[in-house]
Amino acid sequence: MNERLGPIPDHALSAAQRAAAQEIIDGPRGAVYGPFVPLLRSPELMLHAQRMGEYLRYRSALGVRLSELAILVTARQWDQAVEWTIHAPIAAQAGIPASVIAAIAARERPADMLVDEAVVHDFCIELHETKAVSDRVYADALALFGEQGAVDLMGICGYYTLLAMVMNTARTAVPDTGEPRGGPP
């Protein structure tokens, strides 16, 4: 499949697109890549999404390890290979075991999760698959993470769903990391 909304050549960027791209380049991401390539067609939307994502990815109440786990579950639910390719190595570096990552890739419930990982996994799976969260799973999340953590978890699922929808529609190319992909198609 051909990429529908690939990179825009520098000479073709509008002033608003150029300014929005520079804001992302100057931030923690350091470059316009992944979902921000198609989102650049709507610079204001891209900047609002980037700011939300910056909070959810780098500073959520869950911390990086559990945020990355939620991102992987969402990427898998949406068969989003770009997000998977970017975030699986980050999740591993943040402390998510390879066996947990492999089970999520295989659409299986990982058997060897820590309690906090199991709560995040089950919350995300329920939210994506049933469009709601049961009282038991919600209570578990509330007990471990508080209201802010539960809301941030909902936000991660929603934000990465938005990115998945954008990239799946745009047919965003999977980055070449030089390593074989171990995740979803």
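**Notes on the predicted model**

1. Fold. The chain contains eight helices and zero strands.

2. Overall dimensions. The radius of gyration of the chain is 17 Å, which agrees with the value near 16 Å that a compact globule of 185 residues would have. Along the principal axes, the C-alpha atoms fill a box of roughly 55 × 35 × 30 Å.

3. Packing. Of the 185 residues, 46% count as buried. Among contacts with a separation of 6 or more, 68% are between residues 24 or more positions apart.

4. Surface and charge. The side chains include 15 positive and 22 negative ones. The centres of these two sets lie 6 Å apart.

5. Cysteines. How many disulfides does the structure hold? The number is zero. The case of cysteine 124 deserves a comment: its closest cysteine sulfur, in cysteine 157, is 3.4 Å away, which is too far for a bond. The cut-off for a disulfide is a pair of cysteine sulfur atoms within 2.5 Å. Cysteine 157 is likewise in no disulfide, and its nearest cysteine sulfur is that of cysteine 124.

6. Setting of the two cysteines. Are cysteine 124 and cysteine 157 buried or exposed? Cysteine 124 has 0% relative accessibility and so counts as buried. Cysteine 157 is buried as well, because its relative accessible area is 2% and the limit for the term is under 20%.

7. Histidine 121. This residue is placed in helix 7, which covers residues 115-130. Histidine 121 has a relative accessible area of 5% and is therefore buried.

8. Neighbours of histidine 121. Which residues does histidine 121 touch, leaving aside those up to four places away in sequence? They are Leu69, Val73, Ile104, Glu108, Arg109, Pro110 and Met113. Valine 73 is 48 residues from histidine 121 in sequence, yet their C-alpha atoms are 6.9 Å apart in space.

Notes. Residues are numbered from 1 along each chain as its sequence is written. This is a predicted model: local features need pLDDT of at least 70, side-chain atom pairs count only at pLDDT 80 or more; totals for chains, interfaces and linings use all residues. Side-chain values use heavy atoms; hydrogens and water are left out. Helices (H or I, at least four residues) and strands (E, at least two) are DSSP runs, numbered from the N terminus. The radius of gyration is taken over C-alpha atoms; the globule rule is 2.2 Å times the number of residues to the power 0.38. Buried means under 20% relative accessible area, exposed over 50%, partly exposed in between (1.4 Å probe, protein chains only). Contact means heavy atoms within 4.5 Å. Lys and Arg count as positive and Asp and Glu as negative; His and the chain ends are not counted. The place of a charge is taken as NZ of Lys, CZ of Arg, CG of Asp or CD of Glu.
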